[in-house]
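Please keep the sequence and the model in view while reading.

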Amino acid sequence: MTDYANRSARGRAPDDDEATLRNRLESDRERDRRRGALGLVDPAADGGLAPATIGALAERATGDSSEDVRQFAVEALGLAASSGDAEPAREAIRAALSDDHEWVRSEAVVAQSRAEPGNEEPLRTALEDDSGWVRRNAVIALSKTGAASQELLIERIKNDPHSGVREYAADYLREYADEIEDAVRILAAVLARDPEAFVRAKAATSLGDLGTDRAEAVLERHGLNDRSDDVRRSAKRALATARGVDPDQIDAGLEDGAAPGGGPGSRREQQGPGPSRGPAGSIDGLTQGQRDRR
């Protein structure tokens, strides 16, 4: 399955021992608290955290003045919540779902899906969040935990103004398509008309996996003639998937290589930074701190 589109802090964290990192959480300096929360992400994923560390992270996740500290604390709690006495972690995550900052709420959705994968109600509530980034992660979380449906994903494709939500709804629709022809019809409309190349590229990929005659026809008519090179590449690969052949056998006059992106003619490229972008004007859904640690 497709993973969350925001990169986590894993692999880019300070490697101090857990006790030292926990002590950093109590620092008066935001930088130290951020490093402490960030550093605890890897040990949380690799083997869990001590109850004292979970308690300290819960305090940071719900009460720190820095949204970066709260976000990284929430991420660590989500990874640690499956081990030991995790109720304090789950309580902090549920509180973070109502944080004032959209990117903390977005991370809390991811953490919630990890901490309580069988509890879908908070994720469904997040679908109504004012932030498109939160709604996007809710779509992914519901899909990854098996709680999505064709009806839910189609409703998001049709009605959500945020391109990231439509992108992942189109991507997961292939996995939840109970009525194949209806799913193909919706994805065909996305490929033909959605203003964002990222969304059209995911629709093309899903059409290739569904592989009906109509899906192939739509890929030929709209996908291979899209104004974005990246969408055309996705359509070429999708058509090859539908036909069970090597992409080199699809005559589309393209060189494979680039991943689906905004591409020529997309609204993202034409308009520059705007409301559909992530916090601090990001186009990839990352905070500045996350981008710095790539």
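Among contacts in the protein between residues at least 6 apart in sequence, 64% join residues at least 24 apart, a contact being heavy atoms within 4.5 Å. The model is predicted: local features need pLDDT of at least 70 and side-chain atom pairs count only at pLDDT 80 or more, while totals for chains, interfaces and linings use all residues. Residues are numbered from 1 along each chain as its sequence is written, and side-chain values use heavy atoms, with hydrogens and water left out.

The protein contains 17 helices and zero strands; these are DSSP runs numbered from the N terminus, helices being H or I of at least four residues and strands E of at least two. Of its 294 residues, 55% count as buried, where buried means under 20% relative accessible area, exposed over 50% and partly exposed in between, with a 1.4 Å probe and protein chains only.

Helix α5 (residues 67–80) packs with α7 at an angle of about 5°, the axes lying 8 Å apart. Axes here are lines fitted to C-alpha atoms, for helices over the stretch in contact, and angles run from 0 to 180 degrees between N-to-C directions. The angle makes α5 roughly parallel to α7 (under 35 degrees; over 145 is roughly antiparallel, 65 to 115 roughly perpendicular and the rest oblique). Residues making the contact include Arg70, Val74 and Leu79 of α5 and Trp103, Ala108 and Ala111 of α7.

Ala108 lies in helix α7 and counts as buried because its relative accessibility is 0%. Not counting residues up to four places away in sequence, Ala108 touches Val74, Ile93, Ala96 and Leu97. Val74 and Ala108 are 34 residues apart in sequence, yet 6.1 Å apart in space, C-alpha to C-alpha.

What of the aromatic rings? Rings of Phe, Tyr and Trp (its six-membered ring) pair if their centres lie within 6.5 Å; planes under 30 degrees apart count as stacked, over 60 as edge-to-face and the rest as tilted. By this rule there is one aromatic pair. The centres of the Trp103 and Trp133 rings are 5.6 Å apart and their planes are at 85°, so the pair is edge-to-face. It links distant parts of the chain, with Trp103 in helix α7 (residues 102–115) and Trp133 in helix α9 (residues 132–144), 30 residues apart. Both Trp103 and Trp133 are buried.
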